Amino acid sequence: MKRSLPILVGAVVVGLALLGAGREGVRGITHWDRLGPLPPGGPTPAFEVLTLDGGVIDQRALQGKVSVVTFWATWCGACVGELGDLEELQHEYDEQVQFLAVNNDGGGLSPRQAASRVQHFASKRGMTLPTALDDGSAARKFRVGPIPHTLLIGADGVVRYVHQGRVMSATLRDEIAALLEES
């Protein structure tokens, strides 16, 4: 009896694990459309992020102009490269396109610590991109996976292009031009 008890406990634990995995599998199958990045063609999700200067930006701020939104982190080398390209594009398109760099350094940091880190990073690099801090809620709504994660949004508020990982400035230029022609 003493020997069969550990086997019985082990069998119950394995059975519960399989039951949980099966439930997650069914959830994945029935909600497959919510997996992966936010697909192009839908409206910009409702979100709210705090800017470094203490303001708030939400999805309504992205309507009326072509917008480029990128999710990034200070520790991400690919993000740093892409931010440089976005800086150039911001100056190139001046008032035609609005840019927003949403930082995701927050994991484990207080909002004040995250803001301090990002302000130091931006100051050190002379960054002029409008920058906001995300506590993770905007990233979840935009279904951000690998970063940088960059979205181009039409003036109508519809997500048109989504890029996971580094995107080249030539690609962004082509996509921005296409969106500007539409508006």
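This is a predicted model: local features need pLDDT of at least 70, side-chain atom pairs count only at pLDDT 80 or more; totals for chains, interfaces and linings use all residues.
Phe99 belongs to the largest nonpolar core, which comprises 25 residues, and is listed with Trp72, Leu83, Leu86 and Met127 as touching the most other members. At least two residues of this core are supplied by each of strand E3 (66-72), helix H2 (77-93), strand E4 (97-103), helix H3 (111-125) and helix H5 (169-182). Helix H2 provides the largest share, with five residues. In soluble globular proteins, nonpolar side chains tend to be buried together.

Beyond its neighbours within four places in sequence, proline 130 is in contact with Gln90, Phe99, Leu100 and Ala101. The C-alpha atoms of proline 130 and glutamine 98 are 8.7 Å apart, although 32 residues separate the two in sequence.

At the level of the whole chain, five helices and seven strands are present, arranged along the sequence as α-β-β-β-α-β-α-β-α-β-β-α. Of the 183 residues, 38% are buried. Among contacts with a sequence separation of 6 or more, 70% are between residues 24 or more positions apart. The accessible surface amounts to about 10,400 Å², and carbon and sulfur atoms account for 59% of this area.

One disulfide is counted. It joins cysteine 76 and cysteine 79, with 2.4 Å between the sulfur atoms, and the link is right-handed, with 80° about the S-S bond. Both partners fall under the 20% limit for burial: cysteine 76 is buried because its relative accessibility is 7%, and cysteine 79 is buried with a relative accessible area of 1%.

The count of salt bridges is seven. Arginine 60 and aspartate 58 form one of them, at an N to O distance of 2.4 Å; arginine 60 is exposed, at 59% relative accessible area, whereas aspartate 58 is buried, at 13%. In a further salt bridge, the closest N and O atoms of glutamate 92 and arginine 173 are 2.9 Å apart. This pair links distant parts of the chain, since glutamate 92 is in helix H2 and arginine 173 is in helix H5, 81 residues apart. Glutamate 92 is partly exposed, at 41% relative accessible area, as is arginine 173, at 26%. Aspartate 105 and arginine 117 also form a salt bridge, with a closest N and O separation of 3.7 Å. Here aspartate 105 is in the loop between E4 and H3 and arginine 117 is in helix H3, 12 residues apart. Aspartate 105 is buried, at 5% relative accessible area, while arginine 117 is partly exposed, at 38%. Salt bridges additionally link Asp156, Arg160 and Glu182 in a network.

Glutamate 175, located in helix H5, is buried but has no salt bridge. Arginine 160 is its nearest side chain of opposite charge, 11 Å away. With neighbours within four places in sequence set aside, glutamate 175 is in contact with Leu152, Tyr161 and His163.

Key. Residues are numbered from 1 along each chain as its sequence is written. Side-chain values use heavy atoms; hydrogens and water are left out. A nonpolar core is a set of buried Ala, Val, Leu, Ile, Met, Phe, Trp, Tyr and Cys residues joined through side-chain atoms within 4.5 Å. Buried means under 20% relative accessible area, exposed over 50%, partly exposed in between (1.4 Å probe, protein chains only). Helices (H or I, at least four residues) and strands (E, at least two) are DSSP runs, numbered from the N terminus. A disulfide is a pair of cysteine sulfur atoms within 2.5 Å. Lys and Arg count as positive and Asp and Glu as negative; His and the chain ends are not counted. A salt bridge is a side-chain nitrogen of Lys or Arg within 4 Å of a carboxyl oxygen of Asp or Glu. Contact means heavy atoms within 4.5 Å. Accessible areas come from the Shrake-Rupley method with a 1.4 Å probe; for residues, only the protein chains shown count as cover.
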